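Q: Can you walk me through this one? I'd like to start with the charged pairs and then move on to the helices and the surface.

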Amino acid sequence: MAHALHNMHRDLCPNHPGVCPQMESTDGKTLLKYIRNASFNGSAGTSVVFNKNGDAPGRYDLFQFQLTNSSGPEYKLVGQWADTLQLRLEELQWPDGEQEVPISVCSLPCKTGERKKKVKGMPCCWICELCDGYQYQYDETSCRLCAYNMRPNSNRTACQHIPIIKLEWHSPWAIIPVFLAMIGIIATIFVMATFVRYNDTPIVRASGRELSYVLLTGIFLCYIITFLMIAKPDVAVCAFRRIFLGLGMCISYAALLTKTNRIYRIFEQGKQTVTAPRFISPTSQIAITSSLISVQLLGVLVWFAVDPPNTIVDYDEQKTINPMLARGVLKCDITDLQIICSLGYSILLMVTCTIYAIKTRDVPEDFNEAKPIGFTMYTTCIVWLAFIPIFFGTAQSAEKLYIQTTTLTVSMNLSASVALGMLYMPKVYIIIFHPELNVQKRKRSFKAVVTAATMSSRLSQKPSERPNGEAKTELCENPAADPM
């Protein structure tokens, strides 16, 4: 303080004894400036000075507590502090024998993609927190969520678009149904060509040529839908999916229902009268089948009017926990419920046909196709009973697109294959390999046929015991014998 006042007096009151007026008007800030600038030698002979912060410079000896081999633990001088640090690093000891100086900071700098989270009560320290999930690093202290159709990039500094996928032709999920569909299409074309080639032979006529061609068309469409379900979605593909998704099954089961209903009516009325029931001619059967199919087409037209076909990208279906695995799924704007509703009418026809197949199970197989149709419907029902839980059970799966598409197409392929194999392959086998069995048998009237069928049902005669030794008899498939 004395040195500061002396220096102030020397500057403000030169050649003036005592306190001059200039010193009387000064305040504490002026004196503080002189105090900080004062320097002198102290009683120990060392200089006394103050730094820019007003602190006296320290002079320290630095010791480290070390273990030695020669004696016990002791403090060893390793450096000094006098304005600057002077440290002998080679003489320092660190844990585990390390040579490098340990990092000694409150918090390390955060990495890319991490934000600083302040520590309560320690304003200069922080915790580095990773921007997780679909978040990216917005600034040094915050993370933000990417848009619904985007995901963070690899270092989480920005967002990028989620890749868009669809079911590819080379995928194992597509190869199996496509293979089945191609085999089925070839087989269907072969059967249809065989029937056209031998159109006027007894076996083709006895099977009901008109309904057979309708049924084969439905089977063909069931196979075709596989390619539409795997094709890249666009407005045209989505429109065709809506049309053909349930149409093939509807045509198939409408034809089978018409057949089983005809058989049922013939033998039910045959138990009461010899008069032929109405609407059993081929023209009538085609009209009934067409009316059943028109219901499906009408529903599709209403669907088009209410909700025009379109494509969407579903980002929720494969939005996994790891954003790097997230994918947007390009698909038609058709929900699971709409798919089931589109197939619902066909399933109703299938169930009704199955009921008629059960009712006509006791009709002698020598007179009609009731039993092959019955086996076809029982097998088809099993296929679709397995389809429904698989289809809805995978609704929350990340592989939903693949599992549901494959399940649907395979189920339709199997349904078509069952009908094709059980109803037509035996006929084709006889036509090609046993033409001697494909011969015209003696025509009989409707009265004779129904009487024979009724008697056969009641007496369960063996084929060898039937009149004239006939093992099989046409069931009124001759249009001339089928009154309206």
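A: Here are some notes on salt bridges, a helix pair and a surface patch. Keep in mind that this is a predicted model.

Q: How many salt bridges does the structure hold?
A: Ten. One of them joins the side chains of D307 and R242, at 3.6 Å from N to O.

Q: Where do D307 and R242 lie?
A: D307 is in the loop between α8 (282-306) and β13 (311-318), and R242 is in helix α7 (residues 235-270), so the pair ties together parts that are 65 residues apart in sequence.

Q: Is R242 buried or exposed?
A: Buried, at 1% relative accessibility. D307 is partly exposed, with 22%.

Q: What about K331, which residue does K331 pair with?
A: D314, with the closest N and O atoms 3.1 Å apart. K331 sits in strand β14 (residues 327-332) and D314 in strand β13. K331 is buried at 16% relative accessible area, and D314 is buried at 18%.

Q: Which residues are linked in a network of salt bridges?
A: R115, K117 and E129.

Q: Switching to helices: how do α6 and α11 run relative to each other?
A: Their axes cross at roughly 160 degrees and come within 9 Å, so the two are roughly antiparallel. The crossing is left-handed.

Q: And the surface, which residues make the nonpolar patch of about 580 Å²?
A: Y60, W81, L85, L87, L89 and V101.

Q: Where is V101 found?
A: In the loop between β5 (84-87) and β6 (114-119). V101 is partly exposed, at 46% relative accessible area.

Technical notes. Residues are numbered from 1 along each chain as its sequence is written. This is a predicted model: local features need pLDDT of at least 70, side-chain atom pairs count only at pLDDT 80 or more; totals for chains, interfaces and linings use all residues. Side-chain values use heavy atoms; hydrogens and water are left out. Patches are made of residues with over 30% relative accessible area and no salt bridge: like charges are joined within 9 Å, nonpolar side chains (Val, Leu, Ile, Met, Phe, Trp, Tyr) within 5 Å. Accessible areas come from the Shrake-Rupley method with a 1.4 Å probe; for residues, only the protein chains shown count as cover. A salt bridge is a side-chain nitrogen of Lys or Arg within 4 Å of a carboxyl oxygen of Asp or Glu. Helices (H or I, at least four residues) and strands (E, at least two) are DSSP runs, numbered from the N terminus. Buried means under 20% relative accessible area, exposed over 50%, partly exposed in between (1.4 Å probe, protein chains only). Axes are lines fitted to C-alpha atoms, for helices over the stretch in contact, and angles run from 0 to 180 degrees between N-to-C directions. Angles under 35 degrees count as roughly parallel, over 145 as roughly antiparallel, 65 to 115 as roughly perpendicular and the rest as oblique. A crossing is left-handed if the near helix is turned anticlockwise from the far one by less than a right angle, and right-handed if clockwise.
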